[in-house]
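Me: I'd like to go through the charged side chains of this model with you. Could you take my questions one by one?

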Amino acid sequence: MAVTLKLTVKHEGALAPPAIFADRDPVIDFNEDGEANVTFDPGECTLTFEIFGAGASLSLDLEGRPAIIIPVGAEWPFEVEVRQDRSAAAGRIYFAIGG
Amino acid sequence: MLILLMGAAAASAACSADVGNQATTRAQARQVVAAAADHVSQAPPDNPLDLIRGGDISLDISETKSEATFEYAWDNPSQRVTADCRGIRSTNTTLTIGVTLPIGGADNLLDSDTFDAFASGPSLSFNFTRFGFTSRIRERLDSEAFGRSMEEAIARCLENPNRGRTATFEGRTASYCEAYQGRREPIFVEDYLGRQAPTSGALGVDLSAELGFDLFDYRTPLTLAEHRRTEPNLSATASLFYFAPGGTSLAALTLTYENAFEAQDSEILCRPVIADPNDDCVDAPGGPPGNVERLLLGAEYRLSIGTVRGLGSFGIAPQGSYDVIGDHYRVELPIYLTPDGESSFLPGISFSYDSEDDDFVVGIFLRRRFSLGP
């Protein structure tokens, strides 16, 4: 049975809002607090992100904070910063959702 | 808001169905496209996704100027799902308007008499920026090419988990590498192969203009009569930025028009008969300011070359400009080193040539940061 969780996205210094995909689905329906409801099928799920802006930072937090598999050792909120010598950063988080 | 969210949910569902079933009919595809096109997310006021919005007042006080700047910025971030439901189009438009006014002198900021002590008058500035990218990062990470990079990175990791391409790690074992089997993670690929994430390309446009007034003092030679003139200065710039896919380079084209007045060089001016040099001689420009007009075509390319383990990362930024009116040009090649870790020491070397002075200059700098920001 699919599980709907609240995803919270915060960013600073980005040239435009970051692109977020929950599994295969684009997520753009954020409310004024940077929150969106996203639905996952139980099992191993992913959040894929891309953010533009040298020095920009991005924070992703998922309701219930399911166990992160990849990147190894990562924790919620998952935070990433674009290096000054890069124009953009991208990544993917793998985590486990129970049935 | 509820209606908007319901519409958004319907669009997402339509996109999910489309992505899951590649055999979508033409009619279904049209519906999906229509739903996606209707589904434009525009951030409401006070949305944390907003980048810049609101007013700002700043003071700039120094020995040479004392002014207050009032700025108002407005931005409009927006996202929509692409027609094929597989990407996100993300844009942001920013408009900034500013007014700068002299507020007084260095000794007494409230005394209007001290206004005259400074050379800058009021100015008005305007800036418009639009930036956009279409992210297909999910598909790029799922591509065969990135899959091969992952396999290569895992193999490199298994050879020596603690030795990456550009960095050294601690406490990583084979199980760390194996955890990435069958998965796609660009930071892992960068760690072990030094290859950047396959990020999207992007375009940015920047238009800015400034109209100000400068005050010029000068003397008439021989009589030493004092004169003051207020002259306008105008500059307008249009820039186009292209961020290449991969996130390691940036190309920019710039067109700048300047029409300003510049003071003549100061010189020692004296009356015909000098009784007391302190009274009969002054150090001042001996004539009114001259008008200078420039039309500059500029180009710049910034490239992050890569990282050398234990040293830092290197970047270059070849750039040039040509003054169409003055018929002279300037070229420069700076080479930057950004040391590993936190460092205020940001060294580099720069080679430049200016045709107006016919000068070739080699310079060393210690605190210039290489950045792929616009």
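Me: Happy to start with a polar contact: which side chain does the side chain of B:Arg302 make one with?
Reply: First, a word on the ground rules: this is a predicted model, where local features need pLDDT of at least 70, side-chain atom pairs count only at pLDDT 80 or more, and totals for chains, interfaces and linings use all residues. Residues are numbered from 1 along each chain as its sequence is written, chains are lettered from A and ligands numbered from 1 in the order in which they are written, and side-chain values use heavy atoms, leaving out hydrogens and water. A polar contact is a pair of N or O atoms within 3.5 Å; within protein, one must be able to donate a hydrogen and the other to accept it, and residues adjacent in sequence count only if both atoms are side-chain atoms. At 3.1 Å, the partner of the B:Arg302 side chain is the side chain of B:Glu300.

Me: Thanks! Is B:Arg302 buried or exposed?
Reply: B:Arg302 sits in strand S11 (residues 290–308) of chain B; strands (E, at least two residues) and helices (H or I, at least four) are DSSP runs, numbered from the N terminus. Buried means under 20% relative accessible area, exposed over 50%, and partly exposed in between (1.4 Å probe, protein chains only). Because its relative accessibility is 14%, B:Arg302 counts as buried.

Me: Now to salt bridges: which residue does A:Arg92 meet in one?
Reply: Side chains of opposite charge can pair when their charged atoms come close. The rule for a salt bridge is a side-chain nitrogen of Lys or Arg within 4 Å of a carboxyl oxygen of Asp or Glu. At 2.8 Å, N to O, the side chain of A:Arg92 meets that of B:Asp142.

Me: Why does that pair join two chains?
Reply: A:Arg92 lies in strand S9 (residues 88–97) of chain A, while B:Asp142 is in the loop between helix H3 (137–141) and helix H4 (144–159) of chain B, so the pair joins two chains. A:Arg92 is buried at 5%, whereas B:Asp142 is partly exposed at 37%.

Me: And how far apart are the closest N and O atoms of B:Arg172 and B:Asp191?
Reply: Both residues of this pair, B:Arg172 and B:Asp191, are buried. They form a salt bridge, and the closest N and O atoms are apart by 3.8 Å.

Me: Finally, how many salt bridges are there over all chains?
Reply: Another of them pairs the side chains of B:Arg136 and B:Asp84 at 3.0 Å, N to O. Over all chains, the count of salt bridges comes to 24.
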